[in-house]
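Subject: Structure handover

Hello,

Here is the structure I promised to pass on. My notes follow below it.

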Amino acid sequence: MAWKSRTRSLQVFDTELSADTVEWCPIPHWHNILACGTYQLQKGQDAGPEDAATRIGRLYLFKFSQQGPMCPPLSELQRIDTPAILDIKWCHVPVSERPLLGMATASGELQLHRLIDSQEGRCALQTVTSLGLGPDKLALSLDWSTGRGNSSDVRVVSSDSAGCVNVLSLGENSLTAVSQWKAHDFEAWISAFSYWDTQLVYSGGDDCKLKGWDLRMGPSSPTFTSKRHSMGVCSVHSSPHRERILATGSYDEQVLLWDERNMRHPLSESALGGGVWRLKWHPTHEHLLLAACMHNDFHILHCQQALEGSGGACSVLASYILHNSLAYGADWSQLSLEEPPPCSPLETTEPRQSQTESHTGGHLRIQYESPTASFDTSLEDDTGRYIPESLSPSSASSVAGPPACPNPAVDSPAVSCLMASCSFYDHMLHVWRWDWTPQEAGCTGTAQGEGERRTVGEGDGGQAGAPAKYAKCTTHRE
């Protein structure tokens, strides 16, 4: 059976400051809660070239609601001004029966925020505690030890701009430093737990090295050092579904899959382009991997054949190409999408006037043009009312799934996922859905092949004077 892969933009939100990290809440009952972090380098109007810049940030909290086609699904619940944010992660299990969000900041702090019910009856984040990693450091990443739902001995691992890895223990309302060690010669961009053995920690740095650490043996020497990546290692994620499986990404534009028992040779190498800043395994489908690829958009990979020992690259099932700047943050939601994907007639790739614009006088609030000339739009009419996607210009891109790929799930006929992604210089948060369905008669879409996908560096949409490549590394060293 042929399979069709389709992405559709649902809403776009301007974060005002540069957006670099986004996370859906993984706790049941709060799957519709989304957090987004921003990072901005700010200088005063009279500041000279030698004057230090201030790194500012803002943490956004949103709620996603499926209220019908006439209502935008994403609503802002809260915004908190903070130091610049480089990473956020929800703890995978509730703490004191509430979701807990960790945040790595440019002030060198790890902050914890608890999701509570506000007096207005809405959710809000309340600061619980914070802990500094040391002077003159930026906290660059964090991960929780709870990736497989283990709620005992909850710990956090964090990496920083001095090349150190930090392990902290969570108390009732506090963080306590357990250990800190020099792991990399330059920035330690990423740190992560093995979710199957949380005494094992991984780190990746700007020294092009991927390292493993066993906390039982102490940090005097790594359990392994891999130089398989040729540039800085900036993403590591342990699979919560398959023991010993690890995914890593790098500025060298490669995604590597590993078996922890053999860190000399990866199971698979996939060239995605653009520098792989973040990788996220799907929370329930073990073969799906989401990649944020800086200069080359967001991609969903199918990894089953690679994990079964084929040695080949992972198949790209879908690409979300509607951001106009550096692709940094991305995440899967566990929220169930009630509506089935609509069937649509074959769509032309030429720009066309929308039905709404021609009959109601509506105007584009936000418009992006993709390389294939399809549009991602959010519309308002002249009174400011939201115009639903069903009446707006086409914002979908459909990709025929690789015929060699097996069914997305043994017991389900299709996969429908709610996604979020954010991009840097255009300070945009996108909420979108991905549907992977059997190709049925009468329900077709535009097939987008490899030749229509944009190449590395195309359509960055950055700002004048921005570095042409790997701007994240340069930005955070300023």
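Aspartate 435 and arginine 433 form a salt bridge, with the closest N and O atoms 2.9 Å apart. The model is predicted, so please read every value here as computed from it. Aspartate 435 counts as buried, at 2% relative accessibility. Arginine 433 is buried too, with a relative accessible area of 3%.

A search of the whole structure gives 18 salt bridges. One of them joins arginine 58 to aspartate 81, with 3.0 Å between the closest N and O atoms. Arginine 58 is in strand 5 and aspartate 81 in strand 6, so this pair ties together parts that are 23 residues apart in sequence.

Threonine 82 has a relative accessible area of 12%, so it counts as buried. Leaving aside neighbours within four places in sequence, threonine 82 is in contact with Ile56, Gly57, Arg58, Leu59 and Met103.

Another salt bridge pairs the side chains of aspartate 160 and lysine 137 (3.4 Å, N to O). Aspartate 160 sits in strand 12 (residues 155–160), and lysine 137 in the loop between strand 10 (123–132) and strand 11 (139–144). Aspartate 160 is buried at 0% relative accessibility. Lysine 137 is buried at 11%.

Now the nonpolar cores. Which residues touch the most other members of the largest one? They are Ile300, Trp332, Met419, Trp434 and Trp436, out of 19 residues in that core. Six strands each supply at least two of its residues: strand 24 (288–292), strand 25 (298–302), strand 26 (315–320), strand 27 (327–332), strand 32 (415–423) and strand 33 (428–438). Not counting residues up to four places away in sequence, methionine 419 touches Trp24, Leu290, Ile300, Asp331, Trp332, His430, Val431, Trp432 and Trp434. A second, separate core has 17 residues, including Phe64, Leu337, Cys422 and Leu429.

On to the rings. The structure holds 16 aromatic pairs. In one, phenylalanine 13 and phenylalanine 62 have ring centres 4.8 Å apart and planes at 75 degrees, so the pair is edge-to-face. Phenylalanine 13 lies in strand 1 (residues 3–14) and phenylalanine 62 in strand 5 (residues 54–64), so the pair ties together parts that are 49 residues apart in sequence. Phenylalanine 13 is buried at 17% relative accessible area, and phenylalanine 62 is buried at 1%. Tryptophan 434 and tryptophan 436 make a stacked pair, 6.0 Å centre to centre with 20 degrees between the planes. Both of these tryptophans are buried. Ring pairs also link Tyr39, Trp189, Tyr251, Trp277, Tyr328, Phe424 and Tyr425 into a cluster. Separately, arginine 148 lies over the face of tryptophan 196, at 3.5 Å from the ring centre.

Last, the overall numbers. The protein chain has three helices and 33 strands. Of its 478 residues, 59% count as buried. Among contacts between residues at least 6 apart in sequence, 58% join residues at least 24 apart. The accessible surface comes to about 19100 Å², and 48% of that belongs to carbon and sulfur atoms.

Best wishes

Terms used. Residues are numbered from 1 along each chain as its sequence is written. This is a predicted model: local features need pLDDT of at least 70, side-chain atom pairs count only at pLDDT 80 or more; totals for chains, interfaces and linings use all residues. Side-chain values use heavy atoms; hydrogens and water are left out. A nonpolar core is a set of buried Ala, Val, Leu, Ile, Met, Phe, Trp, Tyr and Cys residues joined through side-chain atoms within 4.5 Å. Buried means under 20% relative accessible area, exposed over 50%, partly exposed in between (1.4 Å probe, protein chains only). Helices (H or I, at least four residues) and strands (E, at least two) are DSSP runs, numbered from the N terminus. Contact means heavy atoms within 4.5 Å. Rings of Phe, Tyr and Trp (its six-membered ring) pair if their centres lie within 6.5 Å; planes under 30 degrees apart count as stacked, over 60 as edge-to-face and the rest as tilted. A charge sits over a ring if NZ of Lys or CZ of Arg is within 6 Å of the ring centre and within 35 degrees of the ring normal. Accessible areas come from the Shrake-Rupley method with a 1.4 Å probe; for residues, only the protein chains shown count as cover. A salt bridge is a side-chain nitrogen of Lys or Arg within 4 Å of a carboxyl oxygen of Asp or Glu.
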